[in-house]
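Please look over the structure below. The questions that follow take up a few of its parts in turn.

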Amino acid sequence: MTIGQRVFHLLEEKNMTQREFSKRTGIATTTISDWRKKNTNPGSEKIMCICAALDVTPEYLLSGVTEDSDRGRSVDYMVIPSGTKERELIEAFNDMEWIDREHLLEYAKKMKSTRRNSRGNMNNSDSFVKIAHFCNIEIFMDSNFEGDPSLVVNYIDDNVEGRIDIKSGMIEGDFSKYVRPVIEDWLGDNRRQLLDMWRSKKIELMPEWE
C-alpha cells in the first residue's frame, strides 16, 4: 500500500471527507484527488500535517507499522520548523560528507562536555554569568562579586579553564601561546569597562570583539 492509498484508507476509516481533510491540512482538494487518480504520494513536506489531521504517526503513514509494534515504539520523532537555526544546522549537516559529519559531532560533544566541566570547576554555582564569547573563548563573571575583581575564562577547543585578575591583568591557566595573546588583547581593550562593572555590581554583556 502506498502512502497515498493509506491516506484514503484512513479517510474512509475515520469517515472524513476530502473537503474536511483539505481544511485540516491546507492541501488543495485537487491535489488530494490526484493522489488517487495518478497513484502518486504526498510530498515529504506534507507528511507532518497529514499525520496531525489523521491522528497517526509518521511511522504508520510511511510504512504501515502501528504504534503498538516493537518497531513503532522504538521510533522517536522531532518536528523542526523551517526558518530556524536548528533547521539550518540540520540541513547543513545533511549536505556534508560523512567525515565532516563525524568531525562536527565530535566538536559538538566536546563543547557540551566543556560547558558541563566548566560549570563544575566554577563550584557548580549559578552565580557565574557569561559576559563574552569570542574566538571559542568564554568569559564568565561572578554575580556575587566576591573577592578581588576577577573573571573565569574557558577556551573551548582545548578544554582549558583559567582565571583573570582584572586589576593586575594576570592570566592564570594552561593556555597555549596562541590563545593567551588573544585573551590579553581582549582584556586590554575591555579592562576599564570590566572594572566599572565589578565596582557597580551590575553585569552587562560585553560588545562583540574580534
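Q: Is Trp186 buried or exposed?
A: This is a predicted model, in which local features need pLDDT of at least 70, side-chain atom pairs count only at pLDDT 80 or more, and totals for chains, interfaces and linings use all residues. Residues are numbered from 1 along each chain as its sequence is written, and side-chain values use heavy atoms, with hydrogens and water left out. Buried means under 20% relative accessible area, exposed over 50% and partly exposed in between, with a 1.4 Å probe and protein chains only. The relative accessible area of Trp186 is 1%, so Trp186 is buried.

Q: Which residue forms a stacked aromatic pair with Trp186?
A: Rings of Phe, Tyr and Trp (its six-membered ring) pair if their centres lie within 6.5 Å; planes under 30 degrees apart count as stacked, over 60 as edge-to-face and the rest as tilted. A search of the whole structure finds 4 aromatic pairs. In one of them the centres are 5.3 Å apart and the planes 20° apart, and the partner of Trp186 is Phe134.

Q: How many residues apart are Phe134 and Trp186?
A: Helices (H or I, at least four residues) and strands (E, at least two) are DSSP runs, numbered from the N terminus. Phe134 is in strand 1, while Trp186 is in helix 9 (residues 179–200). The pair links distant parts of the chain, and the separation is 52 residues.

Q: What kind of pair do Phe134 and Trp209 form?
A: Phe134 has 3% relative accessibility and therefore counts as buried. Its ring centre is 5.1 Å from that of Trp209 and the planes stand at 75°, so the pair is edge-to-face.

Q: Which residues do ring pairs link into a cluster?
A: Trp209 is in the segment after helix 9 and Phe134 in strand 1, so their pair ties together parts 75 residues apart in sequence. Phe134 also pairs with Trp186. The cluster consists of Phe134, Trp186 and Trp209.

Q: What separates the C-alpha atoms of Phe128 and Leu151?
A: Phe128 lies in strand 1 (residues 128–134) and is buried, with a relative accessible area of 14%. Along the chain Phe128 and Leu151 are 23 residues apart, and their C-alpha atoms are separated by 9.2 Å.

Q: How is helix 1 oriented to helix 3?
A: Axes are lines fitted to C-alpha atoms, for helices over the stretch in contact, and angles run from 0 to 180 degrees between N-to-C directions. The two helices pack at an angle of about 110°, with their axes 9 Å apart. Angles under 35 degrees count as roughly parallel, over 145 as roughly antiparallel, 65 to 115 as roughly perpendicular and the rest as oblique. Helix 1 is therefore, relative to helix 3, roughly perpendicular.
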